[in-house]
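Work through the exercises below with the sequence and the 3D view open. Each task is followed by a solution in steps.

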Amino acid sequence: MTPGRPVPPPLAQTINPVADGGVLAAAYGATSGDSGLVPLTVARRAPKADDVEIAIEYCGLCHSDVHATRGEWGNQSYPLVPGHEIVGTVSRVGADVTDFEAGDRVGVGCMVDSCRECGSCLDGLEQYCENGMTGTYGAKDRRNGDTVTQGGYATSVVVDRRYVLRVPESLDPAAVAPLLCAGVTTFSPLRHFDVEEDDVVGVVGLGGLGHMAVKLAKAMGAKVVVFTTSEAKAPAALELGADDVVLSRDPAAMAAADRTIDLIIDTVAAPHDLNPFFRTLRVDGALFQLGLPSEAMPPVNPGALICRRIAYAGSLIGGIAETQEMLDFCAEHGVVADIELVGADQLNEAYHRMVAGDVKYRFVLDTGTLQAPAKEADA
Ligand code: NAP
Ligand code: ZN
Ligand code: ZN
């Protein structure tokens, strides 16, 4: 240590050993379900033949990060660096990579690998890989020994080129980050339902996913009705482009919406009763549930589904080709997320505010605020 040079604060833990040519990335993550987010250091492998090394610039804060870091979905391994809405620039590529080069602006979403052989993978539905997709964080890295993947609240990441997306240059990179999860997760069911001009789309919950559902459905030409529990969000929903707002806790307002909606995208992060929402659907309507609360939901009344041939479905993010299609669609229509940029020291407060519904509509971490890893951590 040079005399007089400030001593960097000790980093809580280094995740994984640094192998030849690999780098240490400064990161923030959880060391247990109640640790909150603390500074960590994560070792990234040197790019293998098909790998792309990315200098991360921005990473969105998804409610799934909150569920995972707090262990709300159970069976969580720690330490855990969350973050699966990653945008950055390519810093190095492996010997066999020809489709990306240093300096390209790229993104990584919720998965970094899958088996590449099963029917789902071959159909471009890698998120439904029959052998289990590899999540961007907290998953066993199937091609890298015993390591567990670690996410994007970090200064760099290394990902196989097949799971790296091209970010259109015309879009603000910080505001693109949330498209990598919130964007594609809402785009996919809208496309699966074949939403077109004049369809009526209901969006339940105006958070990160919900506000993207509003923007994407509008860009597809649909009429959009927002269902919210927060009266204060009504004017903001209209500003976002919604055609109508219904306060979902008001039984009279819900009754007035009877048989008005073709497709509902439900993004609520907590248990709630779906039956009043089924009554707003027309014959052959569908409700896609995207939120994954940690506790059980009230039971669905089969009669509500049967009497209007309503489909009750779930949907998980989107495939890699579909994620690229969504990014290109967003470039064509000028769609990005509405974001609040935060520094590393604001992450814990941002989580509290997200759970309280106090964000318009997505926090994004500026990774330039992460502290450079101490050299001592190499040991
Ligand atoms: P978010 O920004 O926190 O938004 C959730 C919204 O749900 C809130 O803004 C709020 O909207 C509504 N809500 C109503 N009651 C709530 C309550 N008691 N607690 C929390 N929220 C409540 O979350 P997000 O990032 O959009 O994620 C939403 C859910 O989707 C999470 O469960 C997440 O894990 C899940 N998710 C699923 C996928 C997938 O592939 N299926 C992908 C990403 C995320 P109002 O104030 O308007 O009522
Ligand atoms: Zn997410
Ligand atoms: Zn597969």
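**Exercise 1.** Does Leu179 count as buried or exposed? Then locate the residue and list its contacts.

Solution. The model is a predicted one.
Step 1. Buried means under 20% relative accessible area. Leu179 has 0% relative accessibility, so this leucine counts as buried.
Step 2. Leaving aside residues up to four places away in sequence, Leu179 touches Val184, Met212, Met326, Leu327, Cys330, Val335, Val336 and Ala337.
Step 3. Take one of these partners, Ala337. Leu179 and Ala337 are 158 residues apart along the chain, yet 6.9 Å separates their C-alpha atoms.

**Exercise 2.** Which residues are the protein donors of the zinc ion (ligand 3), and what is the arrangement of the donor atoms?

Solution. 
Step 1. Four cysteines supply the SG atoms: Cys115, Cys118, Cys121 and Cys129, at 2.3 to 2.4 Å from the zinc ion (ligand 3).
Step 2. Their spacing in sequence reads C-x2-C-x2-C-x7-C.
Step 3. For four donors to count as tetrahedral, all angles must lie between 85 and 135 degrees. The angles around the zinc ion (ligand 3) are 103 to 119°, so the arrangement is tetrahedral. For comparison, the ideal angle for four tetrahedral donors is 109.5 degrees.
Step 4. Check accessibility. Cys118 and Cys121 are both buried; for Cys121 the reason is a relative accessibility of 9%.
Step 5. Check for disulfides. A search of the whole structure returns 0 of them.

**Exercise 3.** Which protein donors hold the zinc ion (ligand 2), and where in the chain do its two cysteines lie?

Solution. 
Step 1. The donors are Cys62 (SG), His84 (NE2) and Cys181 (SG), lying 2.0 to 2.3 Å from the zinc ion (ligand 2).
Step 2. The sequence spacing of these donors is C-x21-H-x96-C.
Step 3. Cys62 belongs to the loop between strand S4 (51-60) and helix H1 (63-69), and Cys181 to the loop between helix H3 (173-176) and helix H4 (182-192), so the pair ties together parts that are 119 residues apart in sequence.
Step 4. Both Cys62 and Cys181 are buried. Cys62 counts as buried because its relative accessibility is 3%.

**Exercise 4.** How is strand S12 joined to S11 and to S13?

Solution. 
Step 1. S11 (residues 200-204) runs parallel to S12, with 5 bridges between them. Within this pairing, Gly202 is opposite Val225.
Step 2. The chain gets from S11 to S12 through helix H5 (residues 208-219), in a right-handed β-α-β crossover.
Step 3. On to S13 (residues 244-247): this strand and S12 pair in the parallel sense over 4 bridges. Val226 has Val245 as its bridge partner.
Step 4. Together with helix H6 (residues 234-240), S12 and S13 form a right-handed β-α-β unit.
Step 5. S12 (residues 223-228) is mostly covered, with 5 of its 6 residues buried.

**Exercise 5.** What is the strand order in the open sheet of 3 strands, and which strands stand at the edges?

Solution. 
Step 1. The order is S1-S3-S2, and the pairing is mixed.
Step 2. Strand S1 (14-15) and strand S2 (23-29) are the edges; each has a single partner strand, so one side of each is left without a neighbour in the sheet.
Step 3. S1 pairs with S3 (residues 38-44) in the parallel sense over 2 bridges, and Ile15 stands opposite Val42.

Key
Residues are numbered from 1 along each chain as its sequence is written. Chains are lettered from A and ligands numbered from 1 in the order in which they are written. This is a predicted model: local features need pLDDT of at least 70, side-chain atom pairs count only at pLDDT 80 or more; totals for chains, interfaces and linings use all residues. Side-chain values use heavy atoms; hydrogens and water are left out. Donors are N, O and S atoms within 2.8 Å of the metal (3.2 Å for Na, K and Ca); water is not among the atoms, so sites may look incomplete. Four donors count as tetrahedral if all angles lie between 85 and 135 degrees; four count as square planar and six as octahedral if opposite donors are over 155 degrees apart and all others between 65 and 115; anything else is irregular. Buried means under 20% relative accessible area, exposed over 50%, partly exposed in between (1.4 Å probe, protein chains only). Two strands pair if DSSP finds at least two bridges between them. A crossover is right-handed if, with the strands pointing away from the viewer, the path from the first strand over the helix to the second runs clockwise. A disulfide is a pair of cysteine sulfur atoms within 2.5 Å. Contact means heavy atoms within 4.5 Å.
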